[in-house]
Amino acid sequence: MFSTGQLIFAALFLIAFVAIITFSYRKDTKLHKKYYKGSIYVLIGFIAFIILLFFLKSWLGH
């Protein structure tokens, strides 16, 4: 499906992308703690909402 060159490029791109994202996140850690305090509750709310939707879909689907 993919050539060897494409697979090598995809692997190298993924490694570089993850490395750059990790470096950027670590660089901005102080800003994240200052401006995004409490954002974990928003994330928990979204996850709970999605779980609720799946629960309702399976419960009402039968």
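Figure 1. Read along the sequence, the predicted chain follows the pattern α-α-α. The chain has three helices and zero strands; helices (H or I, at least four residues) and strands (E, at least two) are DSSP runs, numbered from the N terminus. Residues are numbered from 1 along each chain as its sequence is written. Because this is a predicted model, local features need pLDDT of at least 70 and side-chain atom pairs count only at pLDDT 80 or more, while totals for chains, interfaces and linings use all residues; side-chain values use heavy atoms, with hydrogens and water left out.

**Figure 2. Dimensions and exposure of the chain.** The C-alpha trace spans about 50 × 45 × 10 Å along its principal axes. The radius of gyration of the chain is 20 Å, whereas a compact globule of 62 residues would have a value near 11 Å; the radius is taken over C-alpha atoms, and the globule rule is 2.2 Å times the number of residues to the power 0.38. Of the 62 residues, 0% count as buried (buried means under 20% relative accessible area, exposed over 50%, partly exposed in between, with a 1.4 Å probe and protein chains only).

**Figure 3. Nonpolar surface patch that includes Phe 49.** Phe 49, Ile 50, Leu 52, Leu 53, Phe 54, Phe 55, Leu 56, Trp 59 and Leu 60 make a nonpolar surface patch of about 990 Å². Such a patch consists of residues with over 30% relative accessible area and no salt bridge, with nonpolar side chains (Val, Leu, Ile, Met, Phe, Trp, Tyr) joined within 5 Å and like charges within 9 Å; a salt bridge is a side-chain nitrogen of Lys or Arg within 4 Å of a carboxyl oxygen of Asp or Glu. Phe 49 is placed in helix H3 (residues 39-61). Its relative accessible area is 47%, so Phe 49 is partly exposed.

**Figure 4. Aromatic cluster of Phe 9, Phe 13 and Phe 17.** These three residues form one aromatic cluster. Phe 13 and Phe 17 form a stacked aromatic pair, 6.2 Å centre to centre with 15 degrees between the planes (rings of Phe, Tyr and Trp, for Trp the six-membered ring, pair if their centres lie within 6.5 Å; planes under 30 degrees apart count as stacked, over 60 as edge-to-face and the rest as tilted). Both residues lie in helix H1 (residues 4-27), four residues apart, about one turn of the helix. Phe 13 counts as exposed because its relative accessibility is 51%, whereas Phe 17, at 45%, counts as partly exposed.

**Figure 5. Surroundings of Thr 22.** Thr 22 lies in helix H1. A polar atom of the Thr 22 side chain lies 2.7 Å from the backbone oxygen of Val 18.

Notes:
Areas by Shrake-Rupley, 256 points an atom, 1.4 Å probe, with all protein chains shown as cover. Polar contact = N/O pair within 3.5 Å; in protein donor to acceptor, adjacent residues only side chain to side chain.
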